[in-house]
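Here is a friendly walk through the structure shown below. Take a look at it first, and then read on for the details.

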Amino acid sequence: MADTTRRTMMKGGATLLGTAALARAVAPLAEWSESLDMDEFLQRHYKELSRDEMDVILRRIEAKTLAEHGVEVHVEDVRPLEGVSFGYALNLSACIGCRRCAEACHKENNHDRATNNSYIRVLQLDKGSLSLGNVEVDYEGEVPKKEHFYMPVQCHQCDNPPCVNVCPIEATWKEPDGIVVVDYDWCIGCRYCEAGCPYHARRFNWHTPEVPAEEINPDQAYLSNRIRPAGVMEKCTFCLHRTRKGRLPACLEVCPTGSRVFGDLNDPDSQIRWVLANKRVFILKEDLGTLPRFFYFFDV
Amino acid sequence: MLLLLTLACQGGFTDPSREYAEPLARGAEYPTVIHEPTGFGVLDETPIPEEAQREVPPNTACTTCHGPTPEKTWDVDPSEDFHELEVDHGNLKCAACHDPRDRSLLHLADGTQLELPEVIVLCSQCHGPQRRDFDHGAHGGMSGYWDTTQGPRVRNNCADCHHPHHPEREPVTAAFPPNDRYLRSH
């Protein structure tokens, strides 16, 4: 795809999807076509943009955020770190289901306030079973509740990601550090990826996130927490705007139980590697062959 | 409880910082520091009248009442509720942790004296597996940088999460649930 614009990609998409599916796929696009600006529409694919072109786009996004939300933000195109491969592990013996992680994600990633959106969903499960039969996600009040344990779920950044495989237009892909990203300027909101994800880790922006100006996190990246347009998919990026600069993800820092372990799988001395080597680790829905980079463990 | 709360707020559990550290020279590394529980060791030495001595105001130096040489034995029954303290930690006696030679200090089984902020050394003496996991990041959590060539890392202290007197964790109130229409179970 030497010089593909989204338009030519869309044509490819049409044959791939069939007419009915395409009608659904472009529906969100049609809805906001009035406000769609031409630069954005003709933007080339992320992977083909030069640094200079990207700079122009970033400044345009900053200007747009200032105009529409009244906030000065800094949007960067933060690239993967050379030789780094991210992994994440979560201690189910320690987690108490307090949802501080989901809340921190909500704030960090400029999620829509009214829907309480977050890339993390905490499942309340019956003790002694890992069956996803009796799951509750909207429990409230004091935790942990007796006879229950808790399992926060977010994008597993699979090495064999079904969500990427079903995207008809390559608007989502896997980066060299393992993070699966979405280009919000390229996504057409067909939601195939949402259906394809066995972990329910993808979210659809029914409308652009509404966040009070003073609460907008101005530390933003093109591929992560910048304010998403309406009609596109989004997902956890392991806070790439932080982690690619060496920082820990927001959900880890805020955890009051120390359940979360994050680091570089390529570094044999990293904490994540120690957990994989020394704890009884498992992955969710292993039989699907998705090869997650998100692991769970129990203290034994 | 109040003490623990204030400690927790100053630990790593506040909103994640959005400041970034300055780059270092190649090969250099930022330190990993263990968060020092605040309020430990900063004690007020104002004398307290004897009548009032059964209730210890927080952060009062032990020596304002006890004097340098203990007249009392340390092997008292904790259920007698000295200091109105709730101590529920295994079957430990006060002297397992507080040094009978100097009540303003902690001590290890071999007699090594510790200042209050060194509490983690005390805990580790009896909780080896948790300390091992802690040293590998698998217990206790942290904030700052996973990559210490790019910035410092702060480890939470045992006492940020576990009160030394009653270390069992207390229930907390869950943060807001998701609010999208597909998820409601009731």
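Helices (H or I, at least four residues) and strands (E, at least two) are taken here as DSSP runs, numbered from the N terminus.

## Chain A at a glance

This is a predicted model, scoring ipTM 0.86 and pTM 0.86. Chain A contains 10 helices and 13 strands. Of its 300 residues, 60% are buried.

Chain A exposes about 12100 Å², with carbon and sulfur atoms supplying 54% of that area. Among its contacts between residues at least 6 apart in sequence, 67% join residues at least 24 apart.

In soluble globular proteins, nonpolar side chains tend to be buried together. The largest nonpolar core here has 76 residues, and those with the most contacts inside it are Met151(A), Tyr222(A), Phe238(A), Phe262(A) and Tyr296(A). Apart from it lies another core, of nine residues, including Ala89(A), Ile272(A), Trp274(A) and Val275(A).

Which residues does Tyr222(A) contact, leaving aside neighbours within four places in sequence? Among them are Tyr46(A), Met54(A), Leu58(A), Asp77(A) and Tyr184(A).

## Helix H3 of chain B

Helix H3 of chain B spans residues 119-126, and its buried residues are Val119(B), Ile120(B), Leu122(B) and Ser124(B). These buried residues pack against strands E1, E2 and E3 and helices H4 and H5 of chain B.

## Confidence in chain B

Chain B averages a pLDDT of 77, and 64% of the residues score at least 70. Confidence is highest in H4(B), at 97, and lowest in helix H1 (residues 2-10) of chain B, at a mean of 32. Over residues 1-11 of chain B the pLDDT is below 50, and this stretch has 21 contacts in the model beyond near neighbours in sequence. Residues 72-79 of chain B also stay under 50, with 12 contacts beyond four places in sequence.

Key:
Residues numbered from 1 in each chain as written. Chains lettered and ligands numbered in written order. Predicted model: local features only at pLDDT ≥ 70, side-chain atom pairs only at ≥ 80, totals over all residues. Heavy atoms only, no water. Core = buried A, V, L, I, M, F, W, Y, C linked by side-chain atoms within 4.5 Å. Buried < 20%, exposed > 50% of the residue type's maximum accessible area, 1.4 Å probe, protein only. Contact = heavy atoms within 4.5 Å. Areas by Shrake-Rupley, 256 points an atom, 1.4 Å probe, with all protein chains shown as cover. pLDDT = per-residue confidence, 0-100.
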